[in-house]
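Hi everyone, thanks for coming. Let me put the model up on the screen, and then we can walk through a few parts of it together.

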Amino acid sequence: MLDTLKFVRGAVAAKDFVPALTHFQIANGFIKGYNGSIGLCSPIELDLDVKPRAAQFIKAIQTCKSTVQLSLTTNGRLSIKSGAFKAFINCIEEDFPDIKPSGEVVQLDGKLLRAIKVLNKFIAEDASRPWARGILFRGPSAFATNNIVILEYWLGYNFPIEVNIPKAAIQEMVRINEEPTHLQMDETSVTFHYSGDRWLKTQIYTTEWPDLSKALGRECNPTPLPEGFFEALESLVPFVDEFSSLYLSNNKLSTGTIEESGFSVEVPGIVSESRFNIKHMQLLDGVAKLIDLTLHPSPCLFFGDNVRGAIVGMREVVALK
């Protein structure tokens with residue numbers, strides 16, 4: 001049962017503005033959770049019709065060390081017994097949202113999990129650009145951007161639908177860590193199905209994105225990132241200024257522009273003068289293998305396994321003297 005609860009736990013609201021959103025629905029051999037934007041459902045070996053408080057239910061089951069017995073009390077609580085341990089979980093009687101898969105069934109013939117794991121950390125947090133708060137699947141590619149870095153992942157096949165999946169749902173799919181078998185999509189949502197009659201349903205965002213080919217399709221001359229580049233970044237993180245400034249110049253990464261001051265690491269192979277936010281540059285670790293830093297202050301293009309992208313630098317570059 002604990003594995004079942006682990007699957008659905010991500011669809012529980014943190015705040016109790018709508019009581020049903022902080023409770024599970026158990027009925028007809030299934031357990032559902034819904035937080036207002038994401039719904040998760042899984043079969044459960046429990047012949048009860050009850051809506052227990054989700055957080056209490058999960059903690060109680062986690063505490064059980066032996067055979068678990070569940071039943072309803074006369075006052076409507078869910079009784080849990082396991083050895084000497086007993087728990088009584090508060091339940092509600094309010095209607096649970098009618099969340100279920102909808103739309104035409106579409107089979108998934110290619111891999112999806114690897115793409116969303118790579119793209120996940122590039123999704124924007126900026127609420128003013130809701131289109132950028134998800135991953136866009138379009139044709140043979142999937143896209144993500146935090147408005148500083150753009151990343152395109154080549155899927156190796158044409159994705160069967162065009163859809164923009166919100167970050168919250170992407171993070172749940174990464175947590176589940178399984179390949180979905182097929183999907184369903186309607187005008188406002190998409191449902192990903194998993195083996196064993198489990199599913200995740202999420203609202204979707206607009207697919208009206210800017211023309212990314214303008215940023216990603218420019219001519220460039222990328223070269224391999226120098227050996228030890230990302231290790232050098234890590235060593236400088238504690239010393240950057242309030243803008244997280246990283247300066248690249250003269251075979252060196254540094255936190256400032258004045259020689260014999262601040263902090264720096266020698267990295268042979270850095271020949272162009274540029275400035276970036278060090279946190280944004282760190283996002284390329286494990287993703288970028290080639291980059292054209294000479295394009296700065298225009299976005300610098302980079303490439304890796306099944307990916308290409310662009311990173312926007314910071315202006316006011318002054319060469320170390």
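Strands here are DSSP runs of E with at least two residues, helices are runs of H or I with at least four, and both are numbered from the N terminus. Two strands pair if DSSP finds at least two bridges between them.

Before I go on: this is a predicted model, where local features need pLDDT of at least 70 and side-chain atom pairs count only at pLDDT 80 or more, while totals for chains, interfaces and linings use all residues. Residues are numbered from 1 along each chain as its sequence is written, and side-chain values use heavy atoms, with hydrogens and water left out.

Strands β12 (residues 182–185) and β13 (residues 189–194) run antiparallel, joined by 4 bridges, and Leu183 stands opposite Phe192 in β13. β12 is also joined to β7 (residues 104–107), again antiparallel, by 4 bridges. There, Gln107 faces His182 of β12.

Next, please look at the open sheet of 4 strands, in the order β18-β17-β16-β19, with antiparallel pairing. β18 (264–266) and β19 (274–277) are at the edges with a single partner strand each, so one side of each has no neighbour in the sheet. From one strand to the next, the twist averages 20 degrees. Helix α6 (residues 229–236) packs on this sheet and touches β16 (245–248), β17 and β18, its direction making about 25 degrees with that of β17. Contact means heavy atoms within 4.5 Å; axes are lines fitted to C-alpha atoms, for helices over the stretch in contact, with angles from 0 to 180 degrees between N-to-C directions. Within the sheet, β17 (residues 252–254) pairs with β18 over 3 bridges, and Leu253 is opposite Val265.

Now, the aromatic rings. Rings of Phe, Tyr and Trp (its six-membered ring) pair if their centres lie within 6.5 Å; planes under 30 degrees apart count as stacked, over 60 as edge-to-face and the rest as tilted. By this rule there are 7 aromatic pairs. How are the rings of Trp131 and Trp209 arranged? Their centres are 5.0 Å apart and their planes at 65 degrees, so the pair is edge-to-face. Trp131 lies in the loop between α3 (113–119) and β8 (134–138), and Trp209 in the loop between β14 (198–203) and α5 (213–216), so the pair ties together parts 78 residues apart in sequence.
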